[in-house]
Amino acid sequence: MQFHHNGYVSADPRVQPAAGTGLDRLEQLPDEMDVLIVGAGPAGIITAAQLSAFPDVHTRIIDRRPGRLQIGQADGIQSRTVETFQAFGFAERITAEAYVITETAFWNPDPQDPGRIIRTDRTADDPTGVSEFPHLVVNQARVIDYFAEFAANSPARTAPDYGWELKELSVDQAGDYPVKAVLTGCGEDNAGIERVVRAKYAVGADGARSNVRRCIGAKLAGDKANHAWGVMDTLAVTDFPDVRTKCAIHSSAGSILLIPREGGQLFRLYVDLGEVPADDGGRIRQTPLEEIIRRAQAILKPYTLEVKDVAWHSVYEVGHRLADRFDDVPLEQAGTREPRVFIAGDACHTHSAKAGQGMNVSMQDGFNLAWKLGYVLSGRAPQSLLRTYSAERTVIARDLIDFDKQWSSMMAASPAELEGKEGVAEFYVRTAEFPAGFMTEYAPSELTAASAHQHLAAGFPIGKRFKSGQVMRLADANPRHLGHHHRADGRYRIYVFADEHPAGQSQKIADLSDWLLGSERSPIVRFTPAGADVDAVFDVKVVYQQDYAQMDINDAPKVFRPSVGKFGLTDYEKVYTTLGSPDIFDERQISRDGAIVIVRPDMYVANILPLDATDALASFFEPIMLQQHG
């Protein structure tokens, strides 16, 4: 973390100096704003957090609750999501309080006595080493707390406006603030008060019964699986030996997915309630807690379960639904006008809770959208950039639902139905990369290049998230994960992997530095605002192949040693060397002739180019960014 570049800082460096809209932020909800976010759940709060890094963008987030969420329904955190937490600066803190999943155990009927369950398999949670980050379990409320803290400490000083519910929303496409929102107060101090506010853009992160979705005419399509589950967070006394291990349990009496919770004793049970008759009319959702407990006790035999306390419980029917679009542009008008209203999270895709996907995918929706809104509203990019949100995230949501249908049906199946088929344990291992959050792969578009130069860095698939690797920071001989320096600050990353010439003797690296700093076609020259630091929009780093002891920081060209802040101090965190064997070049299959890897603000690989492909580098950014001066 760097924080002294504008002068000595003695207080908490996570609290950044207020700037832009944060300098005189109104405590009361104003009449006009740049972005109105409806819903302070996971999708909404990460959108607000990312936008808070754009201090000139006025963002407000409303929620009908009177204050912070006390207990959330979601709790599973994918490794990909923990990578995202790292970008927002709180991965280490939230991991310390979370339950860390290291294994999953699988229980099935004892062939000698089918009325009893026995452990039949166990597998590492990340058998392929897809991430250096763990799979966590932590209350959704705490996840929201951390994002809210980030937003409040950011230059824009963003904080939720509680006690407001969206009643109606419309877009007239006229004026500076074309989105009109009618709000109704539902807090102690504003109950019944009606407000009309206007915004340039609105984001509906208001759940499965989204009013924003209704107002823009988007439709959910899909079906129910006609299967119901009871879920409860419980404190109990039990002799079940794997109560502190994630378990998939199948018995002759039904199925349970057991998820240990943070804190040492709490655990969650998803309890199979069986098939739901077509004429049920919602009666299954009235299943009493006592019945859920009774079924759990029957499934766990011969082990006992004595429930002492239930912190939360619910009953839900598995459903898989997807919105026909994720913005306010009707399908027949796609490409003819720019969107003004967006939906994210459960507002546009719903599925079962057992694969632990909902909160995670919802947050990636918000991360994807927010930096694009920040770019458009801060004048970095044209409005057409916003079309890519629905185009990219609809595909991801569809893939999620397809996966969840398979997983939820396997969890609901009886042992007899699974006989002779791929088992739950085998399916879990085979598809491990998907529930970990790493199967997202954006198709070629204006934001994601085709794979013409993929061979130069095969371990960084274009369209997928940037998979970190360990390197040595030259200035202080500190081993670091390269990707862990990627902060949620709205910047593009340009990673330059140097060729085999000794540092200071590579003509390609020297030429690239000169071009980046001096060419009129350089993205740094063209798209960095006048008066801003040279790395304000593009964070350019280099990784050399030499041993760090054979190098000097001054061997690196100037673009990798920029002068920043009001004192023009040197940034020493952009020059790295390889570390250990195999090194990052081998681990990520990077050509020893070098490569340029471009990474989007939301951590996805956008392009790979040769070191001397400056024309292609310029051409890549030209359609998606706006000239900032001259």
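I looked up Met 603 and placed it in the loop between β26 (595–599) and β27 (605–609), taking helices (H or I, at least four residues) and strands (E, at least two) as DSSP runs numbered from the N terminus. This is a predicted model, in which local features need pLDDT of at least 70, side-chain atom pairs count only at pLDDT 80 or more, and totals for chains, interfaces and linings use all residues. Residues are numbered from 1 along each chain as its sequence is written, and side-chain values use heavy atoms, with hydrogens and water left out.

I noted a positive phi of about 80° for Met 603, although it is not a glycine. Most residues other than glycine have a negative phi, and most peptide bonds are trans.

Next I went through the cis peptide bonds. I listed the bond from Lys 301 to Pro 302 as cis, with omega near 20°, and I located Pro 302 in the loop that runs between α6 (289–299) and β16 (305–323). I also listed the bond from Ser 581 to Pro 582 as cis, its omega being near 5°, and I located Pro 582 in the loop between β25 (575–577) and α13 (584–587).
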